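Subject: Handover of the model

Dear colleague,

I am passing the structure below on to you, and my notes on it follow directly after. Please read them alongside the coordinates.

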Amino acid sequence: MNVCVLGLGYIGLPTAAVLASRGLNVLGVDCNQNVVDIVNSGQVHIVEPELNTLVETAVGSGYLRATVTPETADVFMIAVPTPFKGTHEPDLSYIESAAKAIAPVLQKGNMVILESTVPVGATEKLMEWLQLDRPDLVFPSSDKEDIRAEITIGHCPERVLPGHVVRELVENDRIIGGMTKMCAERIRGFYKLFVQGDCLLTNCRTAELCKLVENSFRDVNIAFANELSLIADKLDVNVWELIKLANHHPRVNVLQPGPGVGGHCIAVDPWFIVDSAPNESKLIHAARLVNDSKPDFVLEKIEQAALEIDKEKGGVSIACLGLAFKPNIDDLRESPAMNIAKRIEGLGFAKQFLVEPNIKTMPEVFDVKRTELINLGEAMAKVDIVVLLVDHTEFKEMDLSLLSGKQVVDTRGLWANS
Ligand code: SAJ
């Protein structure tokens, strides 16, 4: 079986490599030639445990290769980004480009699976784009089974957790939304080639909303924890202890506050619900605002910490520990840590040091005159204020005596009980 995976990012590349490891011939397609070259050399362009060995083996065995243009295949999997634009409206342009790219090589009997997280109705839209370019092919119809349909189409949203992608790709249950029941059943047959979890069938719209609901559920729960951190601060209560105690109740499980919610999923997907049902999604909307405003609170705490130091602010230096959106990854997308570190540049400190063990060069958004990327030991020797933004293992394991005499803003509660 030949599989063409469009988008060699955080989802597409691991999926392509896992499929190749099962002996399928996989062509990975990405519009970025640099990514294509890296993959073809058996290497990876993202930090994800186990992925490098998997890709190296897949490319070495000849089952995985990459290119910039799709070729004929039995199955097309689309795993391209779906960011938002303007005032949080979903941007489906990458999916439209993927449809335009596969339409010329689409053949009778092919399967097209949309894995990208999308607003309700997007799989139908994808089918419309394909139909426009390929009026010669018979596509399924969402309201009735049609045995004449020549293309199988559906939505199977990815659900893997960055940092655990390779394991979760195989072990997680999957929701498969088919344009028709027959489409869903055929797509399940394909996923069963590599998924050990259950593959649960439904229609496309339910599968689309299900994925958005999963991430909105998490966002709302994190917003609750973040709101608690503000309340506890105002009432002079230690929020980490508070949550630990509350979670001893058999039916309470409060999540952890942080500097805000990041990543390309939880900080984005709830907006797709708000955009399509604004009047009905008040809680989901409020949660987004609570999480998005958490960096403001962290900046206030940094300003307060600076007041505790017996020096002019212009002589004070500060270190931000972590830039990624969560621990032990290199992914800086929508990262609240990046947002906070960038805003610190405007606070008038003498110098800002960034410590991010998962990247080698400082992101271009920073001003090289004000900010420098250095290692943990060097930073600890130089600064007056330490802001812990990401609970990377390196920071968990560091010698806490290095913090003595410094002002500490610990946004993750990593050192709260030390
Ligand atoms: N976070 C907190 N407190 C917590 C948990 C998380 O502040 O208690 C923050 C993290 O620091 C991070 C953000 O939330 O900034 C998101 O991290 P995450 O680990 O909750 O989730 P993601 O974005 O890495 O992955 C999510 C997962 N969805 C759910 O758990 C419902 C994953 O399964 C999805 O596949 C992924 O989104 C996706 O691609 O949609």
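Asp-236 sits in the loop between H8 and helix H9 (239-246), where helices (H or I, at least four residues) and strands (E, at least two) are DSSP runs numbered from the N terminus. Although Asp-236 is not a glycine, its phi is positive, at about 60°. Its relative accessibility is 72%, so Asp-236 counts as exposed; here buried means under 20% relative accessible area, exposed over 50%, and partly exposed in between, with a 1.4 Å probe and protein chains only.

Before the rest, please note that this is a predicted model, in which local features need pLDDT of at least 70 and side-chain atom pairs count only at pLDDT 80 or more, while totals for chains, interfaces and linings use all residues. Residues are numbered from 1 along each chain as its sequence is written, and side-chain values use heavy atoms, with hydrogens and water left out.

Another residue with a positive phi is Glu-50, which is not a glycine either and has a value near 70°. Glu-50 lies in the loop between helix H2 (33-40) and helix H3 (51-60), and it counts as exposed because its relative accessibility is 53%. As background, most residues other than glycine have a negative phi, and most peptide bonds are trans.

Now to the ligand. There are 20 residues around the ligand, and those that come nearest are Glu-158, Lys-211, Arg-218, Gln-256 and Cys-265; a residue is near a molecule or strand if one of its heavy atoms lies within 4 Å of it. The shell divides into nine nonpolar, three polar and eight charged residues, with Ala, Val, Leu, Ile, Met, Phe, Trp, Tyr, Cys and Pro counted as nonpolar, Asp, Glu, Lys and Arg as charged, and the others, Gly among them, as polar. Helix H8 (residues 204-234) gives the most to this shell, with five residues.

Turning to the strands, E1 (residues 2-6) is joined to E2 by five bridges, and the two run parallel; two strands pair if DSSP finds at least two bridges between them. Leu-6 has Val-29 in E2 as its bridge partner. Strand E2 (residues 25-29) is largely enclosed by the rest of the structure, because four of its five residues are buried.

Helix H1 (residues 12-21) is mostly covered, with nine of its ten residues buried, among them Leu-13, Val-18 and Leu-19. H1 is followed by Gly-23, which has a positive phi near 90°.

Two further loop positions may be worth a look. Val-365, in the loop between strand E12 (351-355) and strand E13 (371-373), counts as partly exposed because its relative accessibility is 47%. From Val-365 to Met-338 the separation is 27 residues in sequence and 9.2 Å in space, C-alpha to C-alpha. Glu-145, in the loop between helix H5 (122-133) and strand E8 (152-155), is partly exposed, with a relative accessible area of 41%. Glu-145 and Arg-65 are 80 residues apart in sequence, and their C-alpha atoms are 36 Å apart in space.

Finally, the cysteines. A search of the whole structure finds zero disulfides, a disulfide being a pair of cysteine sulfur atoms within 2.5 Å. The sulfur of Cys-31 has its closest cysteine sulfur in Cys-4, at 13 Å, which is too far for a bond, and Cys-31 is exposed, with a relative accessible area of 76%. For Cys-210 the closest cysteine sulfur is that of Cys-156, at 11 Å, again too far for a bond; Cys-210 is partly exposed, with a relative accessible area of 24%.

With best regards
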